Every structure is written in structure tokens, then in C-alpha cells.
Amino acid sequence: MRAAEQREYDWYFRAAFGPVSRTVFLMVHDRELAEDITQEALYRMLRHWRTVSGYERPEAWVRRVAIRIAVRELQRRAARTDKERLAQPTAYDDLPDPDVARAVSELAPMQRAAVVLFYWEDRPVHEIAEVLSVSESTVKQHLFRARHRLATLLGEGVGDHAR
Amino acid sequence: MPVEDRLRQGLEANATSFSPRGESRLAQVHRRRRRHNGAVAASLGVAATLLAAVVVQVVPGWSPGSTPPAADDCSPLRGQPAPEEDSMDKRTIAAAGTVAALASACNPAGGTSRNPTWDTSPGSSSATSRDRLPERGGWLRDVTAKQGRALGVPARTVRRLAGEDGVLPLGFKLQQGSFTIWTNDDAGEATAWDFGTYSYASGHRLVFTTISDRCPSCRTTLAWRTVDDDVVFDQVDRTRAGSLARWLWQGRWDYQG
């Protein structure tokens, strides 16, 4: 990698690390895992830098990779037995809003990703569909189900619909 | 409260409570790098000042009042590789401030012959009655990503400089024969974009000679005029990366006294 490319990669690394790791954290609720996933995504960007640097938004590529890794990780965790999960409890009480964190963790992995991208990152449905490699109607369905599940868990009412 | 609002508030609170260790490590590295750059610039400044002092002592017949050596004669800066125009690391204003001393030291005449002030005589507020720009205060302006793209600046460069909001706040200052142009990023942090020496040329033109490693010895020539206290650069030519220079420089700059 030439010095100029290295500097450009460094710039994207610095720009993407914080925002992406926060988004991943809201999905996995594990600080170390969130950072590991983000670093893995950024490492993949480095490996494919020649290609990725030519994209219109390299940081969007990193976000997509990180979220897909996070979804796979959540799916792996969901497949574990209850006893295994109990061995690694998540400390929600450290968070400012543990109720929301607990409620989000009750959602299926794809629903979590859709909720975080929609309500935290304010991404439009078509962008979420692109990130998760599903159709827009699937994203709307994820959001619809997630909203109702979260409304029940949080004891709140359901308001507006997906954009 | 609708669940959507509850979610937005909760997610925001939880996200902002998370400060990635990697990010703080990056911030530390960044700070160390800025300090290092500042120290390097300071030592270069000292070296250049000593060099200038030696020149005054050694070269017979030369004095600060005589014809100054060309800006390109700044020997400590010769032979540096010219990196890609749009790939330079941003430098801090503090470093640039130190480099201003280097610039004036490299060009000993700068301090005396290039210390213009506004012509404040009555009736002097017309656009071209001034022949020098003041070395106090500075000028500010905003450029947009749209303007950059229209001028043919590479999309990646525009995106990187203008950020998410598509607006790039800029400032420039003349001081002791040197110029500095800086940018403010989305977080409001000012970083020097380019710096070097400046001189006036015929035809109401200003010539900036870069001494930063962005493009060592590159010259940017700007046709300038004043409107009230503001300055307008109408025509911009640069040794290379002309479109980027036009995007950054061309247009009206608001004077800040």
C-alpha cells in the first residue's frame, strides 16, 4: 500500500471506527465484541482497499460488513443452549437505559439490526434493505414485528409506521 | 409515550454511553502525532531562523531591505517528495503558526516589506484602490460540496473535505510574509490545510508558494480585489491540482478583523 493510500485508509478508519462500533454495540450489547467486530470489518476493508477505495462511500461498505458480522454472531448466540447463555450474562444495568437494551436483546437478530439502523442511525428502509441484503418489504415486516414486540416489552403504545 | 420515541431516546442514551477503547486509543495517537508535528515544525523554524541569521552574516551586501531571496531558496525544504495533492495529513493550526515563523525566516524580507495595512484614507473603499492586504485579522468563507464537484474536484476529495453536511468552512490569514489556509471539520476542529510564503505580483495578483509537504514549492496565483474589507479571488492558477485550488480559494472571503 502506497503512503497516500495508507493515509486515506487511516482517515476512513478514524472516521468509521466510533460510529460503526456504537451501532454494533446497540445490537450485541457487548463492548469488547462490538470493537472486535468493527476491527474485523475495518481489517476486511484494508484487505480489499484497492476495490473499496473506489466506491462512492467506503464507510458504508464497512458498516454493511460490520452489521452482517454482528447479525451472524447474534444468530450463533441464539443457537446456543440456555445454559451456555446463562454462563455469559450481559450487564444491562451499566447502561443508561437498561430497559430498552433488554427489550432490544429479546428481538431476533435481523429485527435488532433493522431497529438499530432505523431508530438509531435514521437510515431509510431502502438503505437498511441494502445493508441486510433483503427486500424493502422484508425490512418493513421486521420493523413492524419489532415495534409490536418492543411495545409489549416496554409497556408503550405503537405510534407511526416505517417511512 | 409511543414506543418509537422511547426507542430513539433509549438507543441514543445507550449509544452515547459507549466510548470504544479503540477510539480513545486513536485519539491518543492523533494527539501524539499532532504534538510530534508541532515539535518538528518548531525545530524546522528554529533551524530556518538560524539559517537566515547565517545568511545575513555571511552574504555580503545583503540586508533585509535589499532584494529578498526567492521563496524557493528555502533550502531546508528542498528535495522533499511531493505527495498526492489530496492526500496530505491535516496539520494543526498550532503547527502552522510555528511554520509561519519558518516561512518568514526563509524569506527574510517578509517581515518588513510585506506588512501592509489597509489604506484608510478617505474615499479609498473602492474595489481596487488597495494594493496590499492587511496582515491582521483574517478571512472566512464556506464552500459547498456542490461547488467542488462543479469545478471538477474528485468526488472522493470533495466528500472527505466537505464531510456529511456538504459544507467546508475555510479561513485564511496573512502574517509576517506567510499565509495559512485552514479548514474546520464537522467537529469544529481547525486544521491547517496549506501554508507557505506569499508575495505580490503585477496585475493585482497574489502568489502563494507552498512550503508544507502538501506540494512543496507549488505556486498558487490569485487575481484579487477587495470589496469593502472583504477580498475576492477571481482567477486561480496553481502548479497542479488547479480545480481543488479554485474550489478552496476562488470567490469572496469575509474579513474578520
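How many of the 163 residues of chain A count as buried? The share is 37%, where buried takes 20 or more other C-beta atoms within 10 Å of a residue's own, with C-beta atoms placed from the backbone. Keep in mind that this is a predicted model: local features need pLDDT of at least 70, side-chain atom pairs count only at pLDDT 80 or more, and totals for chains, interfaces and linings use all residues. Residues are numbered from 1 along each chain as its sequence is written, while chains are lettered from A and ligands numbered from 1 in the order in which they are written.

Color chain A by secondary structure: you'll get nine helices and zero strands (DSSP runs numbered from the N terminus, with H or I of at least four residues for helices and E of at least two for strands).

Next, select A114(A) and V115(A). Of the 49 residues in the largest nonpolar core, these two touch the most other members. Such a core is a set of buried Ala, Val, Leu, Ile, Met, Phe, Trp, Tyr and Cys residues joined through C-beta atoms within 7 Å. Helix 1 of chain A gives the most to this core, with nine residues. Domain 1 (1-90) and domain 2 (91-163) of chain A both contribute, so the core lies between them; the domain bounds come from an automatic or database domain assignment.

Stay on A114(A) and show its contacts (C-beta atoms, placed from the backbone, within 7 Å). Beyond its neighbours within four places in sequence, you'll find I128(A), L132(A), V139(A), H142(A), L143(A) and A146(A).

Finally, bring up both chains: their contact takes 33 residues from chain A and 25 residues from chain B. Helix 1 of chain A gives the most to chain A's side, with twelve residues.

Methods:
Contact = placed C-beta atoms within 7 Å. Buried ≥ 20, exposed ≤ 12 C-beta atoms within 10 Å, placed from the backbone.
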